Amino acid sequence: MCGIAGLIHRGKSSKVGHELQGMLQALKHRGEDSTGYALYGDTDGKNFIMRFKVGENVGEGSTSVAEDVSVYDERKKIVDSYLNEMGAKIIKDERILPYSLRYEIEYDKKDLLEFSQKIESIPGVEILSMGKSLEVIKDLGNAKMVCDRYNLDKLVGTHAIGHARMATESGVDIKSAHPFWGYPFSDVSVVHNGQLTNYWNNRRALENKGMRFMSECDSELIAVYLAEKMRDGASLEEGMKESLTGLDGVFTYFVATKDSLGMAKDTMAAKPLVLYESDDLVAMGSEEIAIRSILPQEIDTYDPFDGEVKVWQI
Amino acid sequence: MANIKSASKKTKAQAMGMHTEVLTGRTQQKFFNPDEAENFYYFGTHDVDFNKRTDLDVKDMTAAEANKEIDNLMGQGYGTIVIKNPQGKHSLGVGILNKLNLIFEGSLGYFGMGSCDGPIVRINGRVGWSCAENLMAGKVVIEKNAGSCFGAAIRGGDLICKGSVGARTGIDMKGGTIIIGGDAGAFTGFMMQRGRIIILGDVGINLGDSMYDGTIFVGGEIGSYGSDAVDAELTRSDQDWLKRKLKVAEIGENFDVSKMKKIVAGKKLWNYDNLEPTEKKGAI
């Protein structure tokens, strides 16, 4: 089933980590195999924040194979040496969990493709997000468990999207969890509720064009599909509109960039979405109770129609 | 193959080989007699007084607790119940088989007022997916918007949304009336079998797709027609009925019904008994 939620504050910042946790926790009955956050925090915009993993969570119903922590240590060392080779200076490094790390990096080049390919050439290493504002945090368990584990409650920012996952078409692991980073674009993330039925056809075509897939989760296709459109010069909104015909199946998905948040709904409107929109806040989720977790007072909400694409700026 | 064209209606099923046994015994059909309506009650329903009114705050209740409390209050004879702080909870007010005046001060989540028979309900907010699914009788009025599958499979009663509704409104409906003050999404009236849908605003793609029967009236633009949905003449009788219905529904009383479009089933998809196999393909 899966549940998605997102919010964007316009003209101000807020505790988006705490707010999104409440929204996703309200949707936990839609799936709690894993939960993921894409948080756009307040930063000075100088350095990149790289969230990456050097292994999988092997507890909590995981389908992953257990590895010794020394393997993680070894992978981290290689990452550090590769960063050094590429001229990326580590300003701050945090090892949140044995397999999950957060680096602040000083890196001048704009093209992240070569950078990402180099880092991910290390077996078992995956960049969860790369951006100057975006941080993707995803792990097994429900929203509160992940929020507590990664101390996300106090993160202040402008917007965020998240996903509560019921694993259906791929494993219970972090690599299949949402959100997906719009590799190799800085600060682009995607969450999705639904099923894509032309996944393999699209995947083969995109891989032939040099795009990268890290999982076998059909939702990852949306991030890669949009990234490819943007690589070819399309705006985010143009890419999203093209996706309504380019992607087959049933879907509602959210995309976020450094300064915007968008939603798209398939032409059959088969997946739910409730939306609240005011001058200073847009909040949306698979069910109204997600929005109610941050806006308990009486508000006007609506369901976007079939084939609708909307984008909001901060 | 049996010649079903020449078979009488009574023996058509036998001619097609659907069944051969001779049916015996008493009929299972039960016919409703309006004269005996006052004596007709479901098991476990209550005699309530509409003038006996109370409030119920469900803020800290689960849906099951709230629904049980509504039942308890009806058991105490309350005929008018005002629900405070529903806050988008799912499955509120389901399974009420009773006369009742029920008012929600706020919005409902999914499956609100599902499987009800008889209550008069006003929701001063929005409703999520599948509101009033399987409604048998009564009236449900939503002051704001509604989600998808609004009035799915209703058998009777009036279901009114003053705002806009999502996709698949009236899917599989078998009776009753659905009235929409605003716009409606894709696949409105999908596979409807009986009843009427009135939409004052625009409606999305595939209107009335694969409808068996029933009627859809649209005041605004139509995205596209679904399979076997066709235009029909809007008669004077239709217009009179629409005016009456919109007035009773407190919605669009001054709406110019003479310009509404009437959509019905072309009956080429399901009425295969009258078609040769090649004709069936053409119809599809």
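What percentage of the 314 residues of chain A count as buried? The figure is 51%, where a residue is buried if 20 or more other C-beta atoms, placed from the backbone, lie within 10 Å of its own. Keep in mind that this is a predicted model, in which local features need pLDDT of at least 70 and side-chain atom pairs count only at pLDDT 80 or more, while totals for chains, interfaces and linings use all residues. Residues are numbered from 1 along each chain as its sequence is written, and chains are lettered from A and ligands numbered from 1 in the order in which they are written.

Let's start with the overall build. Chain A has 8 helices and 15 strands; these are DSSP runs numbered from the N terminus, helices (H or I) having at least four residues and strands (E) at least two.

Now look at helix H7 of chain A, residues 236–246, whose buried residues are A:Leu236, A:Gly239, A:Met240 and A:Ser243. These residues lie on the same side of H7(A), because they cover an arc of only 100° around the axis, judged by the directions from the helix axis to the C-beta atoms. An α-helix has 3.6 residues a turn, so residues three or four places apart point the same way. Among the elements covering the buried residues of H7(A) are helix H6 (220–231) and strand S11 (249–256) of chain A.

Finally, turn to the partner chain: 22 residues of chain B are in contact with 17 residues of chain A, contact meaning C-beta atoms, placed from the backbone, within 7 Å.

Terms used: A residue is buried if 20 or more other C-beta atoms lie within 10 Å of its own, exposed if 12 or fewer, and partly exposed in between; C-beta atoms are placed from the backbone. Two residues are in contact if their C-beta atoms, placed from the backbone, lie within 7 Å.
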